[in-house]
Every structure is written in structure tokens, then in C-alpha cells.
Amino acid sequence: MAKRAEDAVIRVRDLSVGFSEKLVLDHLDLDVYRGEVLGFVGGSGSGKSVLMRTIIGLLPKRSGKIEVFGIDVDSITQTELQKIEQRWGILFQHGALFSSLTVRQNIQFPVREFLGVSERLLDEMAVAKLEMVGLAPDVQQKYPSELSGGMTKRVALARALALDPEVVFLDEPTSGLDPIGAGEFDELIKTLQRTLGLTVFMVTHDLDSLHAVCDRIAVLADGKVILAGPMSVMLASEHPWLKAYFRGKRSRVAG
Amino acid sequence: MLTSKRTGERLVLTAAGPWTAIHARDLEPLVEAQAQSSQPVRAVEIDVSGINRLDTFGAWLIERLVRAWSQRGCEPKIIGLPADYSGLVQEVHNVNVKPLPPLVEEGRIIRGLNAIGRTLVGIGSATTLIMQMLGAVSVASARAIANPARFRLTSLVAHIDRVGWHGVPIMLLVTFLIGAILAQQGIFHFRKFGADIFVVDMIGILVLREIGVLIVCVMVAGRSGSAYTAELGSMKMREEIDALRTMGFDPVEVLILPRIVALIVSVPILTFLGSMSALYGGGLVAWLYGGIDPDVFLSRLREAISLDTFAVGMIKAPIMALVIGIVASVEGMEVRGSAESLGTHTTASVVISIFLVIVLDGLFAIFFASIGM
């Protein structure tokens with residue numbers, strides 16, 4: 001199935017990012033299509049998080065072009081950029097919940113700032129989002145330091161979804177979770193993606209997640225995307241790194 | 001975006017346009033108006049076929065309409081829902097919104113008493129913690145004396161470098177200015193009585209006994225005490241202190257003892273340098289502003305002060321340093337998970353140590369007066 005270019009929600013062209021002497025991303029191209037779950041893999045330190053952080057504007061780039069929703073993020077004003085930022089949600093690897101706010105305040109924070117809706121709707125939406133990520137409403141009053149690892153991830157996902165974004169970036173969503181918790185989280189991402197029609201950009205190391213939720217996988221090596229496609233393409237590849245990654249000791253053939 | 005049409009006993013609500021987060025502010029009053037309306041109808045239909053975009057916010061507002069009407073015993077029917085959105089509407093339908101337990105409002109008197117009680121308990125527990133820390137540091141230093149190889153010399157040197165050596169310029173500058181200001185004010189007022197020359201006595205005694213050590217301690221509490229609290233606190237937050245403990249190290253011995261010893265070594269040196277700098281600043285102003293020649297200043301100073309005057313200031317310095325170090329460590333170890341807690345404890349560390357330094361200074365004044373120093 002050939003995807004049309006205009007379906008790309010995120011389009012990265014010729015992107016280079018580096019720190020001092022070292023070039024981490026070397027003229028990289030990547031497309032993320034509307035409504036898909038893209039799994040992004042690569043060795044530790046290969047620059048997966050760097051790419052994600054560059055797309056969402058946390059790291060400066062040396063050269064290249066990044067288009068989000070068809071808009072070149074370099075050519076727009078601060079206000080327009082803020083509009084775009086309201087259309088994506090980010091789940092940071094360690095949750096990045098605001099430690100001095102309760103769970104409810106964390107989820108309400110962007111809504112309160114940007115939408116100006118009534119207090120009643122704010123409270124109702126906080127409960128709705130918590131239930132959607134599979135948490136009981138009584139965690140609302142807790143502080144982030146009182147949550148377990150899995151709950152932190154779920155609350156962070158609820159906050160990422162607070163403004164009903166079109167795209168969510170997930171940085172290693174299942175890291176630090178037990179296999180059952182990770183499986184449930186995968187299931188959750190898939191369900192939410194289907195009900196909310198999300199586009200998901202997921203940096204992950206979890207082979208089970210890749211099998212379970214990803215429509216397409218992009219592989220980063222030597223600063224470039226060396227291969228992108230569904231799991232079948234990954235398994236068929238003869239590239240030594242891909243072979244080791246997908247068909248190595250720790251992988252299992254998907255049932 | 002939401003219109004209603006009533007035919008007989010049937011009410012048809014027609015929703016159209018984008019029902020998304022950014023429109024929620026405009027949609028909510030419309031939905032509320034419909035939900036509150038008390039039209040005597042038997043059947044309600046919500047026609048959503050005109051909605052071109054729907055997200056959780058929109059779906060929830062539709063759900064609100066549904067719930068409002070079902071409460072009145074009239075289950076509304078949603079018609080024209082696109083298949084893409086049925087999952088979302090279903091999901092939202094299952095959300096169980098219970099009103100949050102209301103916060104218990106206390107009377108003003110109760111609240112006031114509550115605050116006083118909590119503060120007193122806080123002071124009590126802070127005192128206990130300071131005593132505990134003092135004990136733990138004593139035990140750790142006893143162990144270090146019994147077995148000097150255990151003491152972390154490298155860490156001590158690094159902390160002396162930070163607290164002492166790097167603190168020298170700012171201490172010299174501040175005490176120099178204080179000495180100069182004291183001299184200027186003294187000369188200005190003493191001149192009215194023709195007692196200019198007694199400014200030298202005042203500066204000499206005040207700087208060496210009180211001001212030198214006080215200014216240095218306040219600066220050290222703000223500069224190094226706060227840094228200690230923040231360091232220990234963030235190590236606590238990231239479980240670094242727990243990690244140390246599980247490896248069989250005593251955090252007091254590894255982290256706190258070298259820091260406190262560094263303060264005890266550095267503060268007397270800083271006090272000495274600061275006092276000299278204040279005397280220099282005072283002398284300079286006395287010469288330039290008051291016309292007191294340096295050799296007159298020095299000979300007058302020699303008469304005014306004795307070794308006791310100098311000793312009083314220097315004896316106080318290491319004890320003040322110990323207090324600052326203990327308070328900083330106690331507050332650092334009390335930091336809990338949040339960033340706010342780190343801020344609160346860092347503030348508390350500085351405020352409490354400056355307070356204790358001043359109280360202690362008062363006690364010393366009484367003590368030295370009674371032994372005739």
C-alpha cells in the first residue's frame with residue numbers, strides 16, 4: 001500500500017544533529033503517517049531520543065527540515081508553534097510529572113492553561129482521562145512521589161492525552177514495567193490509538209511492544225534510518241544488526 | 001453547534017461542526033442549557049451526524065446530555081454516529097464520575113490552633129533531628145579518630161576548596177565594606193562629641209568580637225549551607241543515599257562528616273581573613289574620611305583590643321560552623337520526593353542556621369561577659 005506524501009503528519013528531511021564534534025543524526029529522513037503506530041528502534045546511544053527531542057523542539061538542529069502537520073516548524077512564529085505544540089502530547093521516559101502538583105492537577109495543567117473551560121469540566125475530564133488509561137479515580141489526590149512506576153507512566157500518558165492531541169510521542173513507554181504491566185500498557189496504547197485516532201511515535205526497545213502494537217518500524221543506525229517497514233520486512237532483512245536485534249537470542253518468533 | 005427542535009413530545013437535539021477540545025469552552029454552555037431545560041418530553045434524540053470532528057471533550061459533552069436526560073427517566077438515543085467515533089463514545093459512556101469528597105472546612109479558630117500546634121510539633125521534631133544528627137556526626141567522627149584511614153580526606157579537601165578557598169574573595173569584599181560603613185557611621189556621629197578617635201575602639205572590638213564572625217557565618221550559611229542542603233536533598237530524591245546505605249556505607253560518614261569538618265576548618269580561616277579585611281576597610285575610611293592617620297589608628301587599636309577580644313571571635317567560629325553544617329545536613333536528609341520539598345528545605349536550612357547563629361552569638365555574649373573576657 002503506497003502512502004501519499006501528504007498523509008505524513010511528521011516529515012523529517014535531511015536532518016543533522018550533533019553535539020560539539022560528534023554528529024549523532026547524519027542527514028536523516030523519516031516520515032510518520034497519519035493514524036499509524038511507528039516504532040522507532042536502534043542501539044543504545046544511537047540517537048533515538050535525540051531525534052524525538054529534536055522533532056519536539058527541545059534540541060537544536062544543525063541542518064535539515066522538520067515538517068509537522070505539513071508546516072515547517074522553522075518558518076513559523078512562536079504563537080503558531082504553540083498551536084502545534086497543543087496538537088501533540090509527549091510521554092517522557094521517566095514520566096516528568098510535576099512533583100509539586102497532584103495527579104489531577106498534573107492532568108488538568110495544560111487544559112487549564114490553554115482551553116479555559118469550567119472547573120466542572122476540568123474535573124470531569126481528569127477522571128475521564130484517568131479511567132481511559134486504566135486508573136481508578138481515587139489516585140487523583142496523590143502526589144507523583146506516591147505513585148508506583150506503572151502508575152506514573154499511566155498518569156504521564158493521561159497528561160500527554162489531556163488536550164486530545166493528534167500525535168503522541170512515547171519515549172520508551174514500557175521500560176521499567178514488568179512483562180504483564182508492559183503488555184497491558186501496549187494494549188492500552190493500541191486501544192487509545194484506535195478510539196482516539198491517534199498517530200503514535202514510539203521509541204522503544206521492547207520487542208513485544210513492536211510485535212503487538214506497531215504498524216511500522218523504523219530502524220536507526222549510524223545516524224540514519226536504515227530501514228522502515230512492517231515487522232515482516234524487519235524479519236526478512238539480512239542486515240547484521242537487524243538480524244541480531246529481531247532474530248537474536250532475546251527475540252521470539254511472533255505467534 | 002447545538003440546536004434543538006421539539007415536535008410534540010419528541011425532542012431532537014442536533015449537534016454539528018467540530019466538537020473538539022478547543023471548542024469546549026463555547027460548547028459547554030450550550031450543552032448545559034439543554035441539559036438544564038425542563039421541557040416536558042417523552043423521547044429525546046441526539047443527532048450527531050453533523051459533527052465532523054469529535055474528541056474526548058466533545059464526546060464527554062454529549063455524554064453529559066445523555067446523563068442529564070436519563071436522570072429524568074428519558075433515555076436519549078444517539079443517531080447518526082459515524083463508526084469511527086462509536087468506540088470513543090462508548091469509552092466515555094463507561095466513565096464513572098463521582099463527586100470528589102469535599103474538603104472539610106474548619107473554623108477559623110480551629111485552623112489557627114491547628115497551625116500553632118503544627119508549628120510547635122515542627123520545632124520539637126526539628127530539635128530532635130538536630131540532636132540526632134549531632135549524635136550521628138559525633139559517632140562518625142569518633143570512628144574516624146579511632147581509625148583514621150576511614151576518613152575521606154579527598155572529599156574533605158574538595159569541600160574545603162569549595163567552601164573556604166572559593167569563598168575568600170566574596171567574604172573579603174563584604175567584610176571590607178562592612179568595616180568601611182561602620183567607620184563612616186562611627187566617625188559621623190562621634191565627631192559631634194569630639195570623640196572621633198574612639199571609632200578605632202569601636203571598630204576594633206565590634207569587628208573582632210562580633211561582626212567579623214557573624215557576617216562570615218551568615219554568608220557561609222547562605223552560600224555553603226544551602227548548597228549542602230540542595231546536594232544532599234537531590235541525592236536523597238534520586239535514591240543515591242539509599243544506594244550508599246545498601247552498599248554498607250554510612251551516609252553520615254561518607255557525605256556529611258567531610259562537609260561539616262570542611263566547614264569547621266574553613267569558617268575560622270574565613271573569620272580571620274574577614275576580620276582583617278573589615279579592620280582594613282575601617283582604617284582606610286578612618287584615614288580618608290576621618291583624617292585619622294594609619295599609624296595613629298594602629299597604635300590606638302593596639303591599646304583598645306587585647307588578645308581576648310580576638311580570641312572571643314575565633315572561639316565562636318568553629319562552633320557556628322558546626323551549627324550551620326548540622327542544620328544543612330538535617331534539612332538535606334529531610335527532603336522528600338518533590339521539587340517543592342527541596343526548595344522548602346533549602347530555605348529552612350538557611351533561615352534556621354542564621355537564626356541559630358545569632359541566638360548562639362547572644363548566649364556567647366552572656367557567657368564571655370560572665371567569665372570576664
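Predicted model: local features only at pLDDT ≥ 70, side-chain atom pairs only at ≥ 80, totals over all residues.
Chain A is divided into domain 1 (7-87 + 165-255) and domain 2 (99-164), while chain B is divided into domain 1 (2-93) and domain 2 (117-370).

**The hairpin of chain A**

- Strand E1 (residues 8-19) and strand E2 (residues 22-33) of chain A run antiparallel and are joined by eight bridges.
- Two residues lie between the strands in this hairpin of E1(A) and E2(A), and Ser20(A) takes a positive phi near 40° there.

**The domains of chain A**

- The centres of domain 1 and domain 2 of chain A, taken over C-alpha atoms, are separated by 25 Å, and the contact takes 11 residues from domain 1 of chain A and 11 residues from domain 2 of chain A.
- On the side of domain 1 of chain A that touches domain 2 of chain A, helix H6(A) gives the most, with five residues.
- By class, that side of domain 1 of chain A has eight nonpolar and three polar residues, with no charged residues.

**The contact between chain A and chain B**

- In the contact between the chains, 23 residues of chain A meet 24 residues of chain B.
- Helix H4 (119-132) and helix H6 (179-196) of chain A each supply at least two residues of the side of chain A that touches chain B, and the largest share of that side, seven residues, comes from H4(A).
- The side of chain A that touches chain B is made up, by class, of 12 nonpolar, seven polar and four charged residues.

**The sheet of chain B**

- An open sheet of chain B is formed by four strands in the order E1-E2-E3-E4, with mixed pairing.
- Strand E1 (2-7) and strand E4 (77-79) of chain B each have a single partner strand and stand at the edges, so one side of each is left without a neighbour in the sheet.
- Neighbouring strands of this sheet are turned against each other by 20° on average, direction ignored.
- Six bridges pair E1(B) with strand E2 (residues 10-19) of chain B in the antiparallel sense, and Lys5(B) stands opposite Val12(B) in E2(B).
- Helix H1 (residues 24-36) of chain B packs on the sheet and touches E1 and E2 of chain B, with its direction making about 20° with that of E1(B).

**Helices and domains of chain B**

- The C-alpha centres of domain 1 and domain 2 of chain B lie 68 Å apart.
- Helix H6 (residues 168-190) and helix H7 (residues 198-237) of chain B have axes that come within 10 Å and cross at roughly 145°, in a crossing that is right-handed.
- Among the residues that meet in this contact are Ile170(B), Val174(B) and Leu182(B) of H6(B), together with Phe198(B), Leu206(B) and Ile215(B) of H7(B).
- The contact of H6(B) with H7(B) has, by class, 18 nonpolar and four polar residues, and no charged residues.

**Met235(B) in helix H7**

- Met235(B), which lies in helix H7 of chain B, counts as partly exposed because it has 19 C-beta neighbours inside 10 Å, whereas a residue is buried if 20 or more other C-beta atoms lie within 10 Å of its own.
- Leaving aside neighbours within four places in sequence, Met235(B) is in contact with Glu240(B) and Ile241(B).
- Although Met235(B) and Gly332(B) are 97 residues apart along the chain, their C-alpha atoms are separated by 8.8 Å.

Conventions
Residues numbered from 1 in each chain as written. Chains lettered and ligands numbered in written order. Axes fitted to C-alpha atoms, helices over the stretch in contact; angles between N-to-C directions. Left-handed = near helix turned anticlockwise from the far one by under 90°. Contact = placed C-beta atoms within 7 Å. Nonpolar A, V, L, I, M, F, W, Y, C, P; charged D, E, K, R; others polar. Pairing = 2+ DSSP bridges. Domains from an automatic or database assignment. Buried ≥ 20, exposed ≤ 12 C-beta atoms within 10 Å, placed from the backbone.
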